[in-house]
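Keep the structure open and follow along as the residues come up.

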Amino acid sequence: MEENKFEKQVKQQMDEFTIQPSETVWAKIEMQIEKKRRRGLVVILSFLFLCIALPGSYWLWNIHQQKLVENKEYIKDNLGKSIDNGIKKNEKHSGQSKIDTILNFAQKSNTPVINEDEMQNKKNIKKFMQQSKFSTASKKNAGIFPPKQSSITSLEKEKLKINGQIKNEIEIQKETQESIQKSPMAINGPNDSLNEKLNPGTLLKSLIEKNIAKTADTLKQEQSIPKFKKKLPRNQWRTGVLFAAGLSNVGNNFLAINNSAYYSYDPGFNNSTSGGSPQGNFYYPSNPRHSFGFRVGVFEERNISPKTKIAFGLNFKSFRIKNKVGNVISGTGTSADLYSAQNAINNYNNYFNFIELPVNFKAQIGMNKNIPLSWQAGIVISQLINTNALQFNPAGYYYKNNSLFNKTQLGLNTGLFATLFSKQKNPLSIGPFFYYDVTHISSQGLYNKKHFVFTGLQAEILFGK
Amino acid sequence: MDYNKLVKDNIRRRPGAQKQLYEHFAPMMLGVCYRYTKSLADAEDVLQEGFVKVFKYIHQYKSEGELGAWIRKIMVNTALTYLKTSKKYQHDLSFTEMSLHPVSIDDPLIKLQAKELSELIRQLPTGFQTIFNLHAVEGYTHVEIASMLGISDGTSRSQYARARALLIDWIKKFSLKEQTERYGRK
């Protein structure tokens with residue numbers, strides 16, 4: 001009684017005690033709040049940026065790939081046609097248009113002139129162009145279209161090859177001319193038939209004709225090969241990567257609707273929505289709440305029928321569960337492992353990291369060929385590799401004890417995916433994903449008879465078409 | 001003052017609501033923080049941290065309890081965290097179990113001003129000061145204090161008994177000194 005009297009007096013006095021804080025305190029509080037708000041904004045903006053930039057860059061990359069394939073096909077088709085048409089026309093016009101085409105192309109080239117030989121080469125080409133009887137209109141009539149700018153690379157290689165050969169030929173020609181000039185025949189006067197043979201135009205013409213014929217043959221062969229390559233063998237394995245992000249939770253049933261905290265051997269605590277308040281000598285734990293979870297991994301898949309696939313994989317997944325704890329209890333030697341249940345206002349992130357081996361079946365739904373839909377279902381065996389999850393003691397504290405967890409888990413998953421860029425080399429499948437752990441997380445303690453549930457968005461990219 | 005409206009305004013982040021809440025509770029809360037620390041600057045630091053937490057978690061406040069008590073709880077917890085993490089106080093906050101000190105029957109009638117009593121409490125060693133504040137002023141049981149500070153409830157009891165005895169002794173001396181100063185030696 002006496003003790004209470006003294007304490008009452010102290011409490012009464014202290015409850016009335018007030019001090020006016022200095023003005024700087026509010027300014028500091030405002031600044032701190034603003035800083036936290038900005039930090040939050042930066043995190044949100046960064047996340048949004050990633051959400052836009054990653055799919056955006058993937059989309060651009062795919063478009064680029066698509067253009068390359070289109071250009072390749074365009075070159076093959078049109079150049080093949082042009083050469084065929086050119087050959088036909090040349091039969092009428094003594095092969096001039098083929099030569100003209102190549103020379104015209106060579107003239108348009110912006111390859112830098114690096115030495116005298118090349119200059120000479122160009123001069124010869126110009127000269128031949130002037131001698132040519134065929135106009136640009138006739139070239140157009142011959143069905144020769146200029147290739148797209150981006151498709152020039154392969155043609156340029158061909159052109160450089162021809163130029164090299166022309167150069168060699170001109171050198172030989174020079175040497176021959178020199179030897180002829182020295183010979184008695186050259187002194188006696190020009191011989192028309194020999195001059196005609198040694199004319200650079202004639203030499204070029206024969207050389208270019210040979211090359212065009214060669215190129216046409218090669219292109220025809222190339223065109224015929226992909227027809228066999230395009231057919232993908234049904235049982236070919238393809239590798240892919242996946243990433244899923246979403247919310248992980250724990251609960252006593254399928255959708256984790258009832259996720260109230262339950263302590264398996266506490267005889268009489270009262271479940272409530274918030275944690276930490278004492279009920280006699282017992283405390284009750286705070287309710288676990290959902291938090292961010294993700295899975296990332298690689299998989300191999302193959303067709304088992306035209307519309308079904310089987311996939312095996314190796315993933316890393318991290319599930320997180322939030323609960324409220326009080327202050328860290330210090331002075332125990334393992335201070336970070338013990339948290340008070342009193343005044344539980346601090347968020348604690350319990351993470352569970354797993355390695356998992358999923359086996360999935362995928363079936364195509366519907367007939368949409370541009371964006372095919374597929375349904376996926378499978379089983380997953382996962383192994384807990386590490387966790388920082390807290391257990392609860394009704395004496396009023398949280399502690400760590402990983403031996404209470406079932407290390408090996410069996411789960412089921414399902415998802416519905418839409419495949420974007422399905423005709424491309426690296427199609428992207430994206431869609432909602434749901435995972436449910438069939439086995440209990442633990443048989444006692446805070447996670448007694450609870451299951452993991454994960455709901456999120458999964459993206460998969462396939463490689464190696 | 002309509003606390004429910006004030007809380008709602010704070011949750012909706014209405015302009016001026018945070019300052020209104022701060023201005024209403026800051027003097028009382030600084031008094032709380034002052035009792036746990038050794039200087040006014042430290043008390044203001046605790047007050048600042050405490051109010052940042054209040055604004056962060058205001059949506060979790062349930063109107064069943066008194067708003068002032070809820071804020072006070074946050075301030076006390078912030079003060080304890082500050083004492084545990086601050087280098088100045090960390091060393092002073094080590095507790096050793098002492099033999100139980102007999103409770104004095106001859107309790108003085110406190111004729112001191114709140115400020116004077118508060119100053120005397122602050123003169124106690126940090127460990128004594130913390131446990132005395134938690135038990136005598138905030139009304140926590142020794143089991144609760146043990147859980148909050150990570151000590152045994154026996155240590156909390158013995159530390160409190162010592163702190164109480166020391167404080168009573170100082171109150172008596174202070175009263176005697178004041179009486180002598182006012183009326184001269186008998």
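In chain A, three strands make an open sheet, running in the order β6-β10-β9 with antiparallel pairing. Its edges are β6 (339-340) and β9 (390-393) of chain A, each of which pairs on one side only. Strands here are DSSP runs of E with at least two residues, helices are runs of H or I with at least four, and both are numbered from the N terminus; two strands count as paired if DSSP finds at least two bridges between them. Between β9(A) and β10 (residues 397-400) of chain A there are four bridges, again antiparallel, and Tyr399(A) in β10(A) is the bridge partner of Gln391(A).

A word on the ground rules: this is a predicted model, in which local features need pLDDT of at least 70 and side-chain atom pairs count only at pLDDT 80 or more, while totals for chains, interfaces and linings use all residues. Residues are numbered from 1 along each chain as its sequence is written, chains are lettered from A and ligands numbered from 1 in the order in which they are written, and side-chain values use heavy atoms, with hydrogens and water left out.

β7 (residues 346-365) and β8 (residues 373-387) of chain A run antiparallel over 14 bridges, with Lys362(A) opposite Gln376(A) in β8(A). β8(A) also pairs with β11 (residues 408-420) of chain A, antiparallel over eleven bridges; there, Ile379(A) faces Leu412(A) in β11(A). Altogether, chain A has ten helices and 13 strands. Of its 465 residues, 39% are buried, where buried means under 20% relative accessible area, exposed over 50% and partly exposed in between, with a 1.4 Å probe and protein chains only. Among the contacts in chain A (heavy atoms within 4.5 Å) with a separation of 6 or more, 71% link residues 24 or more positions apart.

Now look at the aromatics. Rings of Phe, Tyr and Trp (its six-membered ring) pair if their centres lie within 6.5 Å; planes under 30 degrees apart count as stacked, over 60 as edge-to-face and the rest as tilted. By that rule there are 27 aromatic pairs over all chains. One of them is tilted and brings together Phe17(A) and Tyr34(B), with 5.9 Å centre to centre and 50° between the planes. Phe17(A) lies in the loop between α1 (2-16) and α2 (23-92) of chain A, whereas Tyr34(B) belongs to helix α2 (residues 17-36) of chain B, so this pair joins two chains. Both Phe17(A) and Tyr34(B) are buried.

Phe354(A) is itself part of an aromatic cluster whose members include Phe319(A), Phe405(A), Tyr435(A) and Phe454(A).

What about the nonpolar packing? A nonpolar core is a set of buried Ala, Val, Leu, Ile, Met, Phe, Trp, Tyr and Cys residues joined through side-chain atoms within 4.5 Å. The largest has 68 residues, and Leu47(B), Phe51(B) and Phe132(B) have the most contacts inside it. Apart from it lies another core of 25 residues, with Leu384(A), Phe405(A), Leu446(A) and Phe454(A) among them. Leaving out residues up to four places away in sequence, Phe132(B) touches residues of both chains, including Phe6(A), Val10(A), Ile121(B) and Tyr160(B).

Phe132(B) is one of the buried residues of α7(B), a helix (residues 126-137) where twelve of twelve residues are buried. α7(B) reaches 15 Å from its first C-alpha to its last, close to the 16 Å expected at 1.5 Å a residue, the expected span being 1.5 Å times one less than the number of residues. Just after α7(B), Gly139(B) takes a positive phi of about 85°.

Next comes His142(B), in helix α8 (residues 142-149) of chain B. Is His142(B) buried or exposed? It is buried, with a relative accessible area of 9%. Beyond its neighbours within four places in sequence, His142(B) contacts His135(B), Asp153(B), Ser156(B), Arg157(B) and Tyr160(B).
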